[in-house]
Amino acid sequence: MRGVADRFQTANPGIKVEIEVMSWAAFGQRWPAARAANALPDVAITLGRNAIPMSIAGALHSTEPVLKTLGGPETFIPGLIEKSCKFNGAYVSLPHYVHSFISVYRKDRLAAAGLPVPVTWEDNLKAAIAMTKPPEYYGNILKLAKDDYAGAEFLWCMTQSAGGHFYDAKGEMLFDSEPVRQATEWLAEVGRKTSGPGIANLRLADTFSLVNSGKQSMCNDSAAIIGVAAQDAPEVAKNLDATLMPSKVTPGYQTNLIAAVLPKGRNSEDAQKFLAYLFAEDSYMPFLTTIPLFMFPAYRKADMKRFTDNPVIAAYPNVVKSTLDSVERGVMAGMDFGLNPFAAPVLTSGLIEDMLQRIILNDRPVKQEVAATAEKMDRLLQSIRSRL
């Protein structure tokens, strides 16, 4: 990104680009403070869902002028702009890059168990059980820390797979339903039979070390898991492959969008120029291949051959296909009916992780715990609707 900024400055004398790096988690706390201090940045790269509260607060410029410069919505992955970048009729972000939930597995351990690549929920659970050899390694280690959202996203994805939703387009509760109960029962089996100890303290980011160390045989995460393994644990990486998320009614399609937004900083015209420059060929493709398989192109004018010819990316055709198929068919977690203000508060509330802990670790009945969690979630949704 610094290299992109340096080239932009050379091409645009008189403009200086400063870059500040922060964690994904810190962004949600930083932008309101920056807005209060009249110090919003001109361009920001953030999780796609963060564009919604920023837009509600009036902290964003529309990205429509840049979208027109780049060629319009059709120059991005089909449907991506409408599903993931448009809120209340306005373009609030652009997809800088994408990835998706896929099912990553150890093909050596799967072959040793004599099992095919898993497709259904039943296949996936059977494979995870077969690839569990405690305490050496476990099939699929759930991450259920209450200050993280890995359990919530996984349950949402499997609820989608079962044909259900957490809530409707107006934020009305749908959680206490058969698809949610089915998905919860399945996750509970994964947790009890294939996850091992310590799941209450694990976070999504722990997946990297668990896979790289060989401790985890399967995971439901993005291709970034394989991209990092290729750099840090090549002996493990050569045994990794991936397929679509498990299927009940349909595979669990989930798109993860990293968005570019235009906060109301002090240099809006220069910000539009810089945002467009991020998608220039000599900017975009070198960035996407910084860690191969970590970031996938959202922009269709990008040179896909240059992307897929990267030697690491070329070594994992199933991973690339599964990721791109899922991006085209999926939506961001909680955004079943388009961008909405309910997803982030629900998914980051810890309610679902707390529920799954009680079911898996305390052997509580699924039907009772789903109903109790639905009541808590309904109060949260009512609070959001009243504030809106």
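Visitor: What volume does the second largest cavity have?

Guide: About 40 Å³. Keep in mind that this is a predicted model.

Visitor: Which residues line the second largest cavity?

Guide: The lining is made of Asp42, His61, Leu262, Pro263, Gly265, Asn267, Ser268, Ala271 and Gln272. Two elements give two or more residues to that lining, β10 (255-263) and α13 (268-277).

Visitor: OK, zooming out. How many cavities of 30 Å³ or more are there in the whole structure?

Guide: The search finds two. The largest cavity holds about 130 Å³ of space.

Visitor: Which residues are closest to the centre of the largest cavity?

Guide: Ile141, Lys143, Ala150, Phe154 and Asn220, out of 15 residues in the lining. By type, the lining of the largest cavity has eight nonpolar, five polar and two charged residues.

Visitor: Which elements supply at least two residues of it?

Guide: α8 (150-161) and β8 (216-221) each do. The largest share comes from β8, which gives four residues.

Visitor: Is Cys157 buried or exposed, and what about Cys219?

Guide: Cys157 counts as buried, at 0% relative accessibility. Cys219 is buried too, with a relative accessible area of 2%.

Visitor: Now the packing. How many residues are in the largest nonpolar core?

Guide: It has 120 residues. The ones with the most contacts inside that core are Met158, Phe166, Phe175, Phe279 and Leu293.

Visitor: Let's pick Phe279. What is it in contact with, leaving aside neighbours within four places in sequence?

Guide: Phe279 is in contact with Leu70, Phe76, Leu94, Pro95 and His96, and also with Tyr284 and Tyr299.

Visitor: What about a second core, and which residues does it include?

Guide: There's a separate one of seven residues. Among them are Leu115, Ala127, Ala128 and Met218.

How values were computed: Residues numbered from 1 in each chain as written. Predicted model: local features only at pLDDT ≥ 70, side-chain atom pairs only at ≥ 80, totals over all residues. Heavy atoms only, no water. Core = buried A, V, L, I, M, F, W, Y, C linked by side-chain atoms within 4.5 Å. Buried < 20%, exposed > 50% of the residue type's maximum accessible area, 1.4 Å probe, protein only. Contact = heavy atoms within 4.5 Å. 1 Å grid on protein atoms, 1.4 Å probe; cavity = no way out; pocket = protein on both sides within 12 Å on 5 of 7 lines; lining within 4 Å. Points joined across faces, edges and corners; volume = space filled by probe spheres on them. Nonpolar A, V, L, I, M, F, W, Y, C, P; charged D, E, K, R; others polar.
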